[in-house]
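Trainee: Could you walk me through reading salt bridges and cores in a protein model? I would like the general idea, then the case at hand.

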Amino acid sequence: MDDIKEPSEATSADSQAASECNLEDISNIPRSAIDTQEALPSTQFYRSFAMKRANPRDIRYGEQATIDQNEVGEKKKGGNFGTFEGVFLRCCLNILSVVYYLRFGWIVGNLGLGLTIVLILMCSLTTFLTALSLSALATNGTVKGGGVYYFISRSLGADFGGTIGVVFSFATTFSSVLNAYGFIEVFRDLLGKNITPDGKFDIPVIGISLITLLLITVCISLAWEFYLQYFLAVLIAISFIGIFFGFTIPGNPKWTVQNIKDNFKPQYQEGNTFWSIFAVFFPSCTGIMAGANISGDLKDPQKSIPVGTISAIGFTTILYIITAIILASAGTRERLQTDSQILPDVAMWKYLIYIGVFASSISSSSGGLVGGPKIFQALCKDDLLPRIFRFFAKGKKGSGDPIRGFCLGWLIVVVCTFIFKDLNAVSTALTNFFLISYALVCQSCLVGRMSHSPSWRPAWKYYHPITATLGAAMCIAGMFLINWIFALCVIAISVLLFMYFHWSERSKNNWGEFPQSLIFTNTIKNMEKLKDVPEHVKTYRPQIEFVINYNFPNIESQIRNLAPFNQIITQARSLLLISEVGDEIPDETPSEILGNFIKKYGKIDLPLCARLIAEAGSIGKVGPNILALPFEPQMRNHTNIFDMVGAALDSNLGVAISRGFETFDPNLEHRWPIDVWWLSDDGGLIILFAYLLSNHQCWKNCELRVFTVTSSENITEAQMKMTKLLSLFRIKAYVTVLSGLDLPPSELSMSHWREFNVETKDDLSSKKINSFLRLRELMLQHSGHSSMVLCTMLIPRATSDPHVWLSLLDVVSDAMPPFIWVHGNNENVVTFIA
């Protein structure tokens, strides 16, 4: 068995994961009861960087499987946080933003209690549907660090994952701006005076001070930040108690049914609409991925993320509805719309609300400052961004915390304190970024479900394509209803990011994403449809299988002769397969053919190989209909090539043999003619090849010329017929008809033939040799300086001498430009019938 080694295409993040795998010595894994050379099922075989099983060939010949002990790593330690403290509490603290404390009364005053409850349920439904999709993604395999980015990138690929990684990491970090503004607003009200002259720089001074203290805290240790979250959670819970039992304090506004009646219907202030208010409120529901963002720090993320996230959504929804009822019953319409201090007045003690605002601001700001950089660090570790961003992939020694990312998040918040002057404006911008992120999460789940991939097996079963579709639709619709211009800008940014990741060479990671499975699913469906479609010449496409023979020494030369067939397939949008045959085939495939479909036949009888290609190489209508070979001079001494071509024709395959493309440069534009020597009608395969090649970029300036040779017919009449035929085929070509193939060849040609040392056994062979020597003379005269020559191949008759046949192929093409012998299966592949 080969030594275990990391694949070369592995990403840096996966490389780190590899070192953390608990790889055991293969001898420690229990043996199978039916074959002690095989092992029982083990998790060691299914990891990203897994132990390799014994090769069946090694088992067959009794060789022992081994493992490189240098690859054995240490077991990865689990996370530290459970469902409550890691997900539920963190989500609740991030969902409960300062909007709840500072704008909830204004929301109820404009919408009325009825529409406020509708608003709460609408936002909660959007986040709930997103959480269902998130839960399905989080439970479909082992979850590592990177949160929502990790789920999406491993499900939809680097293009979708990179897009949501950038957008969501920015949105999460940007949420710190919103909560910092809430802190600033209350701090200035309590202070009662300006800090800077005319208060011009109060917002930057207070905001930078807050975010700097939080930066110092998270940089020292994330454990400190988690302990801080516990303390803040207690303060926020106390503020809830103050709100719910405020009616017990004498002098506080009373809760009356009449106020509920008066405040039930909407009454908008000037400039406000349902959707503008939706934009302000929605950030109070957007902390649902706070737990998923620290997935690498959770003990059991597959369990904790679904249960904790959905529980947090349910808890905060009930809290919002209760608070809305309290506010509607405690205040008049005018006060609700104009007094941002109504919630402190309703509470048992107003300073409990101020404490709640500060606690919520600090909690959510620190959550954004931690969550955003953690996502961005995972993105940088996967090396999807330009090389300059590798700087942010490195974490703190020991813990791996993204200190550099924290500093970048701090810088974003600082810059935003100078740009934005109003909490409502920050809310609108933030809502759009979160909505597009949630839409991508729902789409990811939908694609996973539609792919029907065997690997799509989420442990979370409470999701459906309808819920994913509805969640995505609600997010996109909400964006446009809030502000269609801003929505278009956010979508445009996302599209540009997607295009970058899609076309970037840095996004070629193989993560088994579901679009790959979706391609397979669609291919199978189309193949099933295709098998019922009757054969028709107008739907014919050349499907070529090119055979590389490792028994011949010059493999590079053989591969270069693949070039014309690659161009034919490119123009026909068809299928190219490569078969490797020979006594010893190297394990490593030549880099020049890595992008193709490759089959390894190994040591095999070549005629049998041709029959296998024809009979077992197809699935329905998809499979090779042309066998292609490179021609090497030494092949004329190998009669199995003769037998292989004969077997291919017997099996109803067309045959093409290429030669002389060793020096061909596909990057050059050739201008000399492409010559087609159409010597017999084989169904038109040779003219189809010539037409497809002439449309390729490097041959587009080459004139197409068709030559044919006649012995009995009038040359003028034959030329008119050929010209008309090509005109009906709608192929533009210059036609030349020649004669004289029956004339004896020159002494120079005969002398050249005698160098091949081929004995002629009968007169028929001698006549055939003379004809092809004359053909060689005509070709040298007319096509010796052409860009490429295609010629009809002589059918290898069963009674023919293989050495003569192979030598004729050699002698005609040896002094010519790049050359292709072609013979179809005598079935039409071109037509002029509409």
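Mentor: Gladly! A salt bridge is a side-chain nitrogen of Lys or Arg within 4 Å of a carboxyl oxygen of Asp or Glu. This is a predicted model, where local features need pLDDT of at least 70, side-chain atom pairs count only at pLDDT 80 or more, and totals for chains, interfaces and linings use all residues. Residues are numbered from 1 along each chain as its sequence is written, and side-chain values use heavy atoms, with hydrogens and water left out.

Trainee: How many salt bridges does the structure hold?

Mentor: There are 15. One of them joins Lys721 to Glu717, with the closest N and O atoms 3.6 Å apart.

Trainee: Where do Lys721 and Glu717 lie?

Mentor: Helices (H or I, at least four residues) and strands (E, at least two) are DSSP runs, numbered from the N terminus. Lys721 and Glu717 are separated by about one helical turn because they sit four residues apart in helix H27 (residues 715–728).

Trainee: Is Lys721 buried, exposed or partly exposed?

Mentor: Buried means under 20% relative accessible area, exposed over 50%, and partly exposed in between (1.4 Å probe, protein chains only). Lys721 has 46%, so it is partly exposed. Glu717, at 40%, is partly exposed as well.

Trainee: Which residue does Lys600 pair with?

Mentor: Its partner is Glu580, and their closest N and O atoms are 2.5 Å apart. This pair links distant parts of the chain: Lys600 belongs to strand E3 (residues 597–602) and Glu580 to strand E2 (residues 576–581), 20 residues apart. Lys600 is partly exposed at 44% relative accessibility, whereas Glu580 is buried at 0%.

Trainee: Which residue forms a salt bridge with Glu777?

Mentor: That is Arg774, with the closest N and O atoms 2.7 Å apart. Both lie in helix H29 (residues 763–783), three residues apart, about one turn of the helix. Glu777 and Arg774 are both buried. Elsewhere, salt bridges with shared partners join Arg335, Asp339 and Asp345 into one network.

Trainee: And how many residues does the largest nonpolar core have?

Mentor: A nonpolar core is a set of buried Ala, Val, Leu, Ile, Met, Phe, Trp, Tyr and Cys residues joined through side-chain atoms within 4.5 Å. The largest one here has 139 residues, and those with the most contacts inside it include Tyr101 and Phe104. Helix H5 (residues 104–138) supplies the largest share of this core, 16 residues. Apart from it lies another core of 49 residues, among them Leu562 and Val830.
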